[in-house]
Amino acid sequence: MILVAPIPTRDYSPRQSVVIPLRVCDHLGLDDRSKIVTTEMNRFIWVGPDVVPNREGSPYFGTPPAALHQLVRKHLLNNRARIIGRSI
């Protein structure tokens, strides 16, 4: 099982999400409106039907920059993100 913070393009308040820098969005092939939700995390089995492959067909998109990772981690802890079970 893994935990993944959702990345939607939908609007979330700054207290509920972290904006993904444009450079990171470009590198990962994400929409430039993408945000990381920090009020919930999805729990599922790797690799499952909820995983969308990248352009090369791999489920691995890469590692986020350290500063972004630390910011998201801080927000997840501060928001006491709830864990939601997804496909099992």
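Modeller: Let us begin with Val24, which in this predicted model has its place in helix H1, residues 22-28.

Colleague: Why is Val24 called buried?

Modeller: The relative accessible area of Val24 is 14%, and buried means under 20%, so Val24 is counted as buried.

Colleague: What makes a residue a contact of Val24, and which residues does Val24 touch?

Modeller: Contact means heavy atoms within 4.5 Å, and, with residues up to four places away in sequence not counted, Val24 touches Pro65 and Leu68. The C-alpha atoms of Val24 and Val4, which lie 20 residues apart along the chain, are separated by 17 Å.

Colleague: What makes up the largest nonpolar core?

Modeller: That core has 10 residues in all, among them Val24, Leu68, Met41 and Leu76, and because its members must be buried and joined through side-chain atoms within 4.5 Å, Val24 belongs to a set defined by both conditions. Two or more residues come from each of H1 and helix H2 (66-78), and H2 gives the most, with 3 residues.

Colleague: Which residues is Met41 in contact with?

Modeller: Leaving aside neighbours within four places in sequence, Met41 is in contact with residues including Leu3, Val4, Leu76 and Ile83.

Colleague: How do you know that strand E4 and E5 pair?

Modeller: Pairing asks for at least two bridges, and 4 bridges join strand E4 (residues 40-44) to E5, so the two are paired, and they run parallel. Arg43 stands opposite Gly85 in E5.

Notes:
Residues are numbered from 1 along each chain as its sequence is written. This is a predicted model: local features need pLDDT of at least 70, side-chain atom pairs count only at pLDDT 80 or more; totals for chains, interfaces and linings use all residues. Side-chain values use heavy atoms; hydrogens and water are left out. Buried means under 20% relative accessible area, exposed over 50%, partly exposed in between (1.4 Å probe, protein chains only).
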